[in-house]
Amino acid sequence: MKKNVFILIILYWVLCFPGFSYGHNDKQTRETHVPVIEVFHKLEKSTNTRFFYSNTDLENLKVDETKINYKSLKEALNYLSEAYALEFHIKNNVVSVRYSEPKTDKPVKGKVQDRQGKAIDGARVKVKNTQQETYTDAGGNFQLTVDDKASVILVVSSFGYESREVPVTGAEITVELQEKISELREFVVTGFKQSVARAVDEKKDAINLVDVIVAEDIAKFPQSNMAEALQRISGIQIRRDYAGGVGNEVSVRGLPPEYTNVTVDGQSAPNSSDGRTFNFNTLPAELYAKVEVHKSPSANLDEGGVGGTVNLVKLTPFKLKKPTLIASLEGQYNTQSQDLKGVTPKATLTLGKNWNNKIGLLGGVSYNKFYNTSESYDVVRYTSYSYDTNGDKVMDHLNVRVPYPRYVSEGQVVERTAFNLATQFRVTRNFDMLLSGNYIKNNQTSSRYTPIFNIQTNKAAEIEADGNYLLYGLYNNVTATLENQQSINLTDILQLGAAGNLALGPWKIKVLGQYSVTNKDSEQYRAYANTRSNVSYDIRENYKWFDLGTSAGLTDASKYTMTEVRRYFWDNEDKILAGQMNVNRKLGGFFTLDAGIKQQNRTKSREQFYRRINNINQPFEPVSRLLEGFLDNVKEAKGPNSFLVHDWDKTYELYGSKIMLEGAEEVNAAYHVAENVSAGYLMGTFSKGKVTGNAGVRLVRTNLISEGFERNQAGDLTPLTVKSDYTDVLPSMNVRYAPVENLFIRAAYAKVLTRPALGDLAAFRQVNDVELTIVQKNPHLQPFRAHQYDLSIEWYPRAATLLGISFFRKDIASFIVNQTSDVQMNGQTYRLSEPVNGNSARIDGIEFNYQQPFSFFPGLLNGFGVITNYTLSKSSFREVLDLGTGETETYEMPNNSRHSANVTLYYDKGGFEFRIANNYRSRFLREKPVPADGLKYRDAYHQTDISVSYAITRQLNLTFNMLNAFNSEPYEYIWEKKYMDQVAVYGRSYQAGLRFKL
């Protein structure tokens, strides 16, 4: 036994030893290889042929006889030709043999620099007349393998430099590139045009379908909001919040944001919600060097995105070319600010240095404060009523849809501070490490003020309707409510990471560790004040902007009575601890093997507190104030520019002692979910001639432990723990074919998944014996699983230029929705609502991309360029409305616009940059429908943003941005456009500042 174990160890060591190769000198080769002349003799006997050859050329050549098929001359000759560089010519059963020395490879190292000796990062080095190419690292260095017997010429190019063809004359080579005077200035190299060129290069060189946005310079992303920048990519649509219309969530290829997997440097990013949707508005864009959008996955990428994966990549110290000091100061102003008006500050400071790739440090701090407001006319819901207007007991108007209208002013004040620090050091020649961390503190105070008019009644003094469409109504003794709320959200994000890279001969090993945690404490106050008055509702002139009249008015506090105060508190935590190891080895000249394992433990928990006092019936005046300036810059708005709201300091002073949260925990709304994921993958990457690709499989095991409480019919709370697990095998394949130079055809297939929202996996159940309803979550939910297919054709005729078309399909087999059913409990029928699997969905789409710098234009005009894209996305989503009856309905996929497009025109020359960008998306179903409320749509919307900058000196830049330059107004409706749900105004945002770089 010991002897067998010893033999296995020796065999394993021999096979894995970096110097091991399958040459002619090992023992097995001597036993199985025979002289090729002996093989010819045997073939002559078995195939009735004759061989002519030179004994001098072949006398020392031995071949593997086990691979020879002596019964088939054709197969034998094919093998000898491919394996041993033998050439054969057959005529009249006579085989002429010609032998040429086999090709031998030699390594070539080099460095690419400019005329001042400064290293050029990212320069392309290509072997002429082949598909073989590589790129320089941060130090301008490159390495590749070429044919030792051939005359090899390298083609070296980089944006802003003249391309050069350099013959290979030795093992090391230095290439000096000359600047293109017409395109390159010191202040342009890191500008928008350069970032576009680098993004195009990365897309071109990728095997997968990937889109990239690259920072213009260190700590200078193209837009200060990550979501706003991402919407410029084809197939990307963003969701905006209601407190100022700020982009905060990202959808990829027609799927809602919860289907987008968001990672930071390839590691999962925690969030502050009950689901998996990531809020990009919590991150400062200055932390990141680029953003990658992976539309087709590969086995080495973390699973989790049916729509796609958005990977945020931070800058590392070894990428610095020289000592860096960057400082910026900016002022921001929004025209629609709610209460706080004026300019708010934004400041950043970044420091870094790289000591010859031996040790590097990079750190930064940023501070940002801004105001945003959304002001709108809004309908809470519609309810159908019939009216007898003349008292003859005959209904003159049947099933008129009557709105529940309100005015809404929703604003936010956000204050964000971020710190980041990274150090990278080379431990040995073959081993380097990266340690990084960042901390973000995000404080948001949002306020929503809403005068609501409850005109939903079957009694009206006057009615004018067109069928079931209400045009005008006069209602007596209607309740008008001032419903106001303030939310204070304190979010802390901590991300720590460690990575080590080890090279052992042909083996490359990477080990990563991650700890991330997001804590969000949310406190919300709601207060109500009521009055009763006569109310008129009129949309005869403009269905978007209703005309409301009230006899009580909205500015006399003495006519309102304080009725109710509520207080909520939520404590949310999302914690991730992960470890990963990847191994890479090149096998032969065209194949690379990647393998890896990963363990990720994620826990999400929530505590909830709630208390209220109602039936207060006290004067409103002591806690009231007047909100002014409401929609005073919108001519179509017919309502008041001022109305009463609660003064929060006074409200808390008077009623705070009655809404203290001690003992007010809602235990049945709390949960703790632990998700442990074990994953492993195996992937091969190949490159042969004009074809490059990868294929692999990812094996994932997910274990869940969900802890919570359930309330039984007697009202008692009992602990509830549910365990579940599932395993997924996720194959993927990506192929890139280049029929001619700079033309690429890509095809991809993958099985993908998105896990359910962690909040939906919570173990709790709420029973309402008054309304006979049961609301519960489902710890047994399975993931969203889908098959996706991609095909694209891309042409890169010159630098930074792209013309492409892509086709994609996603077949989702297990969509998750809320379903309702009737259940019997204790002799009564309850309505049960819970999330379940089982519904299917499908998305088919086409993407068009065109972008080009017009560098061929004469003179000053060659600074222009354009970036455009268009996406057509058709979706179909089937929902089961009732489990008991089996009733279904088919909708468009929520949050998916069938048409979306971007057009960006830019100018970048002589230190002056200008961009005007327009984003458009057609109407979309806003959310998963609640059948009683009807289908809610957001109408087509487009927004134009403008950016200008000027380099005063090489170190100092002046910047100016205007967001939503034409003050676009999003419009939402139900059923059809005339049934207004909301029309909102976000206003314009202005940003101006200075940026200094040393």
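Is Ser-897 buried or exposed?

**Before you click**

You are looking at a predicted model, so local features need pLDDT of at least 70 and side-chain atom pairs count only at pLDDT 80 or more, while totals for chains, interfaces and linings use all residues. Residues are numbered from 1 along each chain as its sequence is written, and side-chain values use heavy atoms, with hydrogens and water left out.

**Stop 1: the whole chain**

Start with the cartoon view. The protein chain has eight helices and 53 strands; helices (H or I, at least four residues) and strands (E, at least two) are DSSP runs, numbered from the N terminus. Along its principal axes, the C-alpha trace spans about 120 × 75 × 55 Å. A compact globule of 998 residues would have a radius of gyration near 30 Å, and the 34 Å of this chain agrees with that. That radius is taken over C-alpha atoms, and the globule rule is 2.2 Å times the number of residues to the power 0.38.

Now switch to a surface. The accessible surface of the protein chain comes to about 45000 Å², with 53% of it belonging to carbon and sulfur atoms. Such areas come from the Shrake-Rupley method with a 1.4 Å probe; for residues, only the protein chains shown count as cover. Of the 998 residues, 51% count as buried. Here buried means under 20% relative accessible area, exposed over 50%, and partly exposed in between (1.4 Å probe, protein chains only).

Next, colour by charge. There are 116 positive and 111 negative side chains, and the centres of the two sets lie 7 Å apart. Lys and Arg count as positive and Asp and Glu as negative, with His and the chain ends not counted; the place of a charge is taken as NZ of Lys, CZ of Arg, CG of Asp or CD of Glu.

Among contacts between residues at least 6 apart in sequence, 69% join residues at least 24 apart.

**Stop 2: Ser-897**

Select Ser-897, in the loop between β44 (887-891) and β45 (899-909). Here is the reply to the opening question: Ser-897 counts as buried because its relative accessibility is 0%. Show its side chain together with that of Arg-921, and you will find a polar contact of 2.9 Å joining the two. A polar contact is a pair of N or O atoms within 3.5 Å; within protein, one must be able to donate a hydrogen and the other to accept it, and residues adjacent in sequence count only if both atoms are side-chain atoms. Leaving aside neighbours within four places in sequence, the contacts of Ser-897 include Gln-237, Ser-873 and Phe-924.

**Stop 3: Arg-926**

Move on to Arg-926, in the loop between β47 (924-925) and β48 (936-938). At 16% relative accessibility, Arg-926 is also buried. Which side chains does Arg-926 meet in polar contacts? One is Glu-972, at 2.2 Å; another is Asp-981, at 2.8 Å. Beyond four places in sequence, Arg-926 also touches Tyr-242, Lys-936 and Tyr-937.

**Stop 4: Arg-785**

Select Arg-785 in strand β40 (residues 784-795). Its relative accessibility is 18%, so Arg-785 counts as buried. The side chain of Arg-785 makes a polar contact with the side chain of Asp-728 at 2.5 Å, and with that of Gln-782 at 3.1 Å. Among the other residues that Arg-785 touches are Tyr-726, Val-752, Leu-753 and Asp-811.

**Stop 5: Asp-392**

Jump to Asp-392, in the loop between β22 (359-387) and β23 (397-428). Asp-392 is partly exposed, with a relative accessible area of 40%. Its side chain reaches the backbone nitrogen of Val-394 at 3.0 Å.

**Stop 6: two positive phi values**

Finish with the backbone. Asn-48 is not a glycine, yet has a positive phi of about 60 degrees; look for Asn-48 in the loop between α3 (36-47) and β2 (50-52). Ala-800 also has a positive phi, near 60 degrees, and sits in the loop between β40 and β41 (802-825). Most residues other than glycine have a negative phi. As for cover, Asn-48 is exposed at 62% relative accessibility, whereas Ala-800 is buried at 3%.

Methods. Contact means heavy atoms within 4.5 Å.
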